[in-house]
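This report describes selected local features of one model, moving from the strands to the ligand site and then to individual residues.

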Amino acid sequence: MTKKRVFSGIRPTGEFHLGNYFGALRTWVDLVENYECIYSVVDYHAITTPFDPKEMPLTIFNSMASLLAIGLSPENCSLMLQSDVPEHTELAWVLSCIAPLGQMERMTQFKEKSQQSPENINLGLLSYPALMASDIIVYRAQAVPVGDDQVQHLELTRDLTRKFNNQYGEFFPDPEPILSKTPRLMGLDGKSKMSKSLGNHISLFEQPDVLQKKVLTAVTDENRKRRSDPGNPDICNIFALHNIFSSAEEVETVNRECRTAGIGCVDCKKMLLTHVEPFIAPFRDRYTELQNKPAEVHEAFQEGAKRCRPIARETVDGVKQRMGLGSHAVSQQSVTAS
Ligand code: ATP
Ligand code: MG
């Protein structure tokens, strides 16, 4: 039986963090066993928000190395850089001609990112979900692992594929979301979701001293002003991380002792650190190793692009044919007419 195809992407906008891992990347790794997976560093998505072209190559390289460091490789999936396969942007144009403007304007991420960079509300930020839809359907992927923040975009993708199929004939499968058990991890500021571009994250490759500093200064339950005040784990980020990293028994202890002021936030944070550091260490080691083996990283992505290009080309040719576009369709027309 042929395996179902999965596609997912991540922006090269900074260091990959625990939110990315537990919201998406962990699922990426799990899926390689039973699906044919294509994973992408989506560099064209990164230019919708402010970036420095001088830093971009290194950020992209580090993102590529990050995917290898967490256990993905050409042996278990296809890894590719979005701009290496131009069909992504070609199909995105077609989809942007199908996407209703009002629906694009209602996208939560468009509103949030517009607020974050009010001086740079570009058309790409608005059409971002059309490019994301293209990334997925250019491979006719059947499933997409995503965090909570991308669910709305995937819904739009499904709307666009249905619309295309209705107007031009059945062609694209309906891509299903695969949600992880941690679809939304909050940032250390306690205000927004953990995010590469907001600087409120714990990197997957964090050095021990930086990790310690970040955790010890993280916002907890802000109503707990003094050590003797009881805390509320339900609204505490550190408790959310305990839920991921600590045993059920320890979670129970932290829950009880926080509510009765039996432990303070510093105690709670130190307990958490004993689990996070050993979790991060092997990722960090492999990531550091790859920094010294750039050829391994480049080769993995070149191989991926080579596998992906023919699939994407076939899809775009199929789209053009169904829409009556391009010289091939025109020459067919003259054959029929003559
Ligand atoms: P940026 O701030 O540049 O948008 P990001 O951290 O939001 O970066 P993306 O590249 O936009 O990361 O998303 C990559 C994947 O990680 C997506 O599937 C997204 O749903 C998931 N993800 C991102 N942040 C979180 C989070 N805090 N919790 C759970 N999943 C997340
Ligand atoms: Mg994001």
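**Strands and crossover**

Strands β2 and β3 (residues 78-81) are paired in parallel through four bridges. The structure is a predicted model, in which local features need pLDDT of at least 70 and side-chain atom pairs count only at pLDDT 80 or more, while totals for chains, interfaces and linings use all residues. Residues are numbered from 1 along each chain as its sequence is written, chains are lettered from A and ligands numbered from 1 in the order in which they are written, and side-chain values use heavy atoms, with hydrogens and water left out.

Helices (H or I, at least four residues) and strands (E, at least two) are DSSP runs, numbered from the N terminus. Two strands count as paired if DSSP finds at least two bridges between them.

Buried means under 20% relative accessible area, exposed means over 50%, and partly exposed lies in between (1.4 Å probe, protein chains only).

Strand β2 (residues 36-41) is largely enclosed by the rest of the structure, because five of its six residues are buried. Strand β1 (residues 5-10) runs parallel to β2 and is joined to it by six bridges. Cys37 in β2 is the bridge partner of Val6. Between β1 and β2 the chain passes through helix α1 (residues 18-31), giving a right-handed β-α-β crossover. Right-handed here means that, with the strands pointing away from the viewer, the path from the first strand over the helix to the second runs clockwise.

**Ligand 1**

There are 22 residues around ligand 1, and Thr13, Asp149, Lys193, Ser195 and Ser197 come nearest. A residue is counted as near if one of its heavy atoms lies within 4 Å of the molecule. Polar contacts are pairs of N or O atoms within 3.5 Å; within protein, one atom must be able to donate a hydrogen and the other to accept it, and residues adjacent in sequence count only if both atoms are side-chain atoms.

| Protein atom | Ligand 1 atom | Distance |
|---|---|---|
| Gly19, backbone N or O | nitrogen | 3.2 Å |
| Lys196, side-chain N or O | oxygen | 2.7 Å |
| Ser197, polar side-chain atom | oxygen | 2.4 Å |

Of the 600 Å² of accessible area that ligand 1 has on its own, the protein covers 98%. Accessible areas come from the Shrake-Rupley method with a 1.4 Å probe; for residues, only the protein chains shown count as cover.

**Residues between β5 and α9**

Ser203 lies in the loop between β5 (176-179) and α9 (208-216). With a relative accessibility of 0%, Ser203 counts as buried. Its side chain reaches the backbone nitrogen of Phe205 at 2.9 Å. Apart from neighbours within four places in sequence, Ser203 is in contact (heavy atoms within 4.5 Å) with Glu15, Phe16, His17, Lys214 and Ile280.

Arg184 is also placed in the loop between β5 and α9, but counts as partly exposed at 42% relative accessibility. Not counting residues up to four places away in sequence, Arg184 touches Asp148, Asp149 and Lys193. Asp149 and Lys193 are also among the residues that come nearest to ligand 1.

Helix α10 (residues 237-245) has as its buried residues Asn237, Ile238, Phe239, Leu241, His242 and Phe245. The cover over these residues includes α1, α9, α11 (248-259) and α12 (265-291).

Ala300 belongs to helix α13 (residues 294-323) and is buried, with a relative accessible area of 4%. Leaving aside neighbours within four places in sequence, Ala300 is in contact with Leu68, Pro74 and Leu79.

**Positive phi angles**

Most residues other than glycine have a negative phi, and most peptide bonds are trans. Arg140, which is not a glycine, has a positive phi of about 45 degrees. Arg140 is in the loop between α7 (123-137) and β4 (143-146) and is partly exposed, with a relative accessible area of 24%. Ala261, likewise not a glycine, has a positive phi of about 60 degrees. Ala261 lies in the loop between α11 and α12 and is buried, with a relative accessible area of 15%.
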